[in-house]
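Here are some exercises for reading a fold with your own eyes. Have a go at each one before you look at the solution.

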Amino acid sequence: MAVITISRQVAALGDEIATAVAKKIGYSFIDRKQIEKRIVELGFPQSKLLKYDERKPGFFASLVKDRDEYLNYLQYAVLEAANTGNCILIGRGAAFILEDVPSLISLRFVANDSVRLERLQKEFSWNEKQAQGRIDESDTNRRGFHKSFYNMDNENPQHYLMTLNTSKLSLDEAVKLIEALVKIHVTAKSESEGKIAIEQRLKGQRLVNQLLFDFHLNINFLRATVDGNVVTLQGVADSSGLAERAVQTAAKILPTCEVRSAISIVQDFKTYQ
């Protein structure tokens, strides 16, 4: 059970290579539209999706609770998909959601600007100015998205197992490299440990979403860390009573687990609604 995540620049052949790799090694390719569809199915309004989905939120959009709601649904959708195993996920910070999972293969695709310009001009019959505008917009949005939601620099190669320059590699060469990397890097041990790690993160995210969206507990930045049968809640509440209610509710949802609180109490804590 391995998971491949792909971060890519626009016109760096991310979708094309992902499709070819999935076919070559028998993995499922979970694309942008599938993740978007699942986020909406989980409860996030379709009308608000474009404010956040792989783009830098505007100033006010970054302050309202919709932002955190989107992130919780996104994380659940990515973890749910990863839990199926042997899949490829593209974009939306999946590498950061699954960071440190032993069976994760995180890749980034880049290309020289001149090559990206040429590809966009050819694909869309654009002039150079139009193609450059698309590159600038996409790069800015992706940097802003990852900074806003994960406080991470998506262009930093340290976050990825391997970065491939598709100006230098053909599609077939990239596919062969990734196929070899999967065989070398993924072991029975890492698969087993990765499966457990993903299941625990999914369990924690499912609990968070239940507490926030089913029980309407107004706890900001709520997170649940699962370690075996121990669940630790983190976040910011405006009263100890609310924190205790979260613990009691979580214990009812997960009766076989020990639920602990690491929720900070900050009276008069306010967020934009």
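This is a predicted model: local features need pLDDT of at least 70, side-chain atom pairs count only at pLDDT 80 or more; totals for chains, interfaces and linings use all residues.

Residues are numbered from 1 along each chain as its sequence is written, and side-chain values use heavy atoms, with hydrogens and water left out.

**Exercise 1. Work out which residues of H6 are buried and on which side of the helix they sit.**

Step 1: find the helix. H6 covers residues 113-124; helices (H or I, at least four residues) and strands (E, at least two) are DSSP runs, numbered from the N terminus.

Step 2: check its length. The 12 residues of H6 reach 16 Å from first C-alpha to last, close to the 16 Å expected at 1.5 Å a residue. The expected span is 1.5 Å times one less than the number of residues.

Step 3: list the buried residues. They are Arg-116, Leu-117 and Leu-120, where buried means under 20% relative accessible area, exposed over 50% and partly exposed in between (1.4 Å probe, protein chains only). They cover an arc of only 100° around the axis, which puts them on the same side of H6. That arc is taken from the directions from the helix axis to the C-beta atoms.

Step 4: recall the helix rule. An α-helix has 3.6 residues a turn, so residues three or four places apart point the same way.

Step 5: look at both faces. Ser-114, Glu-118 and Lys-122 are exposed on the other side of H6, while the cover over the buried residues includes helix H7 (128-150).

**Exercise 2. Describe how H4 packs against H7 and against H9.**

Step 1: take H4 (residues 65-82) with H7. Their axes come within 11 Å and cross at roughly 95°; axes are lines fitted to C-alpha atoms, for helices over the stretch in contact, and angles run from 0 to 180 degrees between N-to-C directions.

Step 2: name the arrangement. H4 and H7 are therefore roughly perpendicular to each other (under 35 degrees is roughly parallel, over 145 roughly antiparallel, 65 to 115 roughly perpendicular and the rest oblique).

Step 3: find the touching residues. Among them, Tyr-70 and Leu-74 are on the H4 side, with Phe-145 and Phe-149 on the H7 side; contact means heavy atoms within 4.5 Å.

Step 4: turn to H9. H4 and H9 pack at about 145°, with axes 9 Å apart, and H4 passes H9 in a left-handed crossing. Left-handed means the near helix is turned anticlockwise from the far one by less than a right angle, and right-handed means clockwise.

**Exercise 3. Which angle do H9 and H10 make, and which residues meet?**

Step 1: the axes of H9 (residues 188-214) and H10 (residues 240-253) come within 11 Å and cross at roughly 125°. The two are therefore oblique to each other.

Step 2: H9 passes H10 in a right-handed crossing.

Step 3: Leu-207, Gln-210 and Leu-211 in H9 meet Ala-246, Thr-249, Ala-250 and Ile-253 in H10.

**Exercise 4. Is Arg-92 buried or exposed, and where is it found?**

Step 1: Arg-92 lies in the loop between strand E3 (87-90) and helix H5 (94-97).

Step 2: its phi is near 60°, a positive value in a residue other than glycine.

Step 3: Arg-92 is buried, with a relative accessible area of 2%.
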